[in-house]
Amino acid sequence: MPATSPLDTGPAADALTAGRAVVLPNPSPLTYVVAATGPLAVNTAKGRPADQEVALWVHDDTTWRDLARALDLTPAALDTATALLRVELVTLLVPVSAATLPPAWSRPALRDGHLLLFGARWQPLAPLLARFPHLYVSSANRTGQAPAATAARAAAMFGPDVPVTDGDGLRDLDAPHAATTMLRIAPDGALSHVRPGAQDRAHGPDPGRYLDRLCSAGR
């Protein structure tokens with residue numbers, strides 16, 4: 001099935017409009033994610049504290065431009081952050097400026113002076129994402145369980161109250177799946193490794209090898 005085939009996102013759109021959480025697919029080797037228009041719905045679905053920070057899903061260009069004004073990044077570092085979010089599909093901790101408050105809608109993603117961001121824009125989800133420019137997102141798992149690699153696993157984990165958009169027909173289910181690698185970017189663009197995940201796993205147990213690969217690629 002080609003990667004541009006439509007997904008059945010109607011139930012997800014209805015749930016997001018109603019303020020409920022949904023589970024959405026990512027391209028392999030990433031796992032599914034749980035998303036909502038408010039952070040409380042994400043945390044409730046995952047069974048974790050209501051006030052825990054959640055990643056802001058910056059899939060929308062306007063949202064990203066509005067947010068960029070409050071980030072403490074040089075222009076070159078901002079380009080690096082964009083590539084990490086859009087191309088590498090990592091989860092990224094980005095420093096906020098001391099002089100400019102980030103938008104109110106971004107503050108549920110604030111952690112120790114950094115915004116927790118996710119920026120994947122998988123084409124099969126594009127029509128759905130275009131309707132919801134401000135989304136909050138986390139790995140599709142209940143607390144203490146591994147993130148769901150398949151739609152069936154997500155449905156079993158979250159139950160009937162959280163709609164699951166099945167994208168398995170567009171994904172490589174034979175590949176080992178994992179949640180995203182998490183990185184931190186400094187104001188000058190320097191990168192540090194925070195959490196292992198799908199992106200760095202192919203480079204072995206030393207996360208420095210993945211960072212070296214990003215540097216050699218100009219990210």
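Mentor: Before we start, buried means under 20% relative accessible area, exposed means over 50%, and partly exposed is in between. Also keep in mind that this is a predicted model.

Trainee: Got it. Is Arg86 buried or exposed?

Mentor: Look at the number first: Arg86 has a relative accessible area of 18%. The cut-off for buried is under 20%. Since 18% falls under that cut-off, Arg86 counts as buried.

Trainee: Which residue forms a salt bridge with Arg86?

Mentor: Start in helix H4 (residues 75-88), where Arg86 sits, and look across to helix H3 (residues 61-68), 25 residues apart in the pairing. The closest N and O atoms of the two partners are 3.4 Å apart.

Trainee: Which residue is linked with Asp61 and Arg86 in a network of salt bridges?

Mentor: Side chains of opposite charge can pair when their charged atoms come close. Here Asp61 and Arg86 belong to a network with one other member, Arg121.

Trainee: How many salt bridges does the count come to?

Mentor: One of them joins Asp66 to Arg69, with the closest N and O atoms 3.0 Å apart. In that pair Asp66 is partly exposed at 30%, while Arg69 is exposed at 60%. With the others included, the count comes to 6.

Trainee: What does the side chain of Arg111 meet in a salt bridge?

Mentor: Arg111 is in strand S5 (residues 110-111), and its partner is 58 residues apart, in the loop between helix H2 (39-46) and strand S3 (55-57). The N to O distance is 2.7 Å, and the partner is Glu53.

Trainee: Let's move to the strands. Why is S7 largely enclosed by the rest of the structure?

Mentor: Strand S7 covers 135-139. Strand S2 (residues 33-36) pairs with S7 in the antiparallel sense over 4 bridges, and S3 also runs antiparallel to S7, joined by 3 bridges. S7 is largely enclosed because the number of its residues that are buried is 5 of the 5.

Trainee: What is the bridge partner of Trp57 in S7?

Mentor: Trp57 lies in strand S3, and S3 is joined to S7 by 3 bridges. Follow the bridge from Trp57 into S7 and you reach Leu135.

Trainee: What stands opposite Ala36 in S7?

Mentor: This time the pairing to follow is the one between S2 and S7, which is antiparallel. Opposite Ala36 you find Tyr136.

Trainee: Which residue forms an aromatic pair with Trp57?

Mentor: The count comes to 1 aromatic pair. The two rings are 5.5 Å centre to centre, with 55° between the planes, and the pair is tilted. Trp57 lies in strand S3 and its partner in strand S6, so the pair ties together parts that are 61 residues apart in sequence. Both residues are buried, and the partner is Phe118.

Trainee: One last thing: which strand gives the largest share of the lining of the largest pocket?

Mentor: The largest pocket holds about 330 Å³ of space, and among the 22 residues lining it, Val137, Ser138, Ser139, Met182 and Arg195 are the closest to its centre. By class, the lining has 9 nonpolar, 8 polar and 5 charged residues. Strands S6 (114-118) and S7 each supply at least two residues. The largest share, 3 residues, comes from S7.

Methods
Residues numbered from 1 in each chain as written. Predicted model: local features only at pLDDT ≥ 70, side-chain atom pairs only at ≥ 80, totals over all residues. Heavy atoms only, no water. 1 Å grid on protein atoms, 1.4 Å probe; cavity = no way out; pocket = protein on both sides within 12 Å on 5 of 7 lines; lining within 4 Å. Points joined across faces, edges and corners; volume = space filled by probe spheres on them. Nonpolar A, V, L, I, M, F, W, Y, C, P; charged D, E, K, R; others polar. Salt bridge = Lys/Arg side-chain N within 4 Å of Asp/Glu carboxyl O. Buried < 20%, exposed > 50% of the residue type's maximum accessible area, 1.4 Å probe, protein only. Pairing = 2+ DSSP bridges. Phe/Tyr/Trp six-rings, centres within 6.5 Å; stacked < 30°, edge-to-face > 60°.
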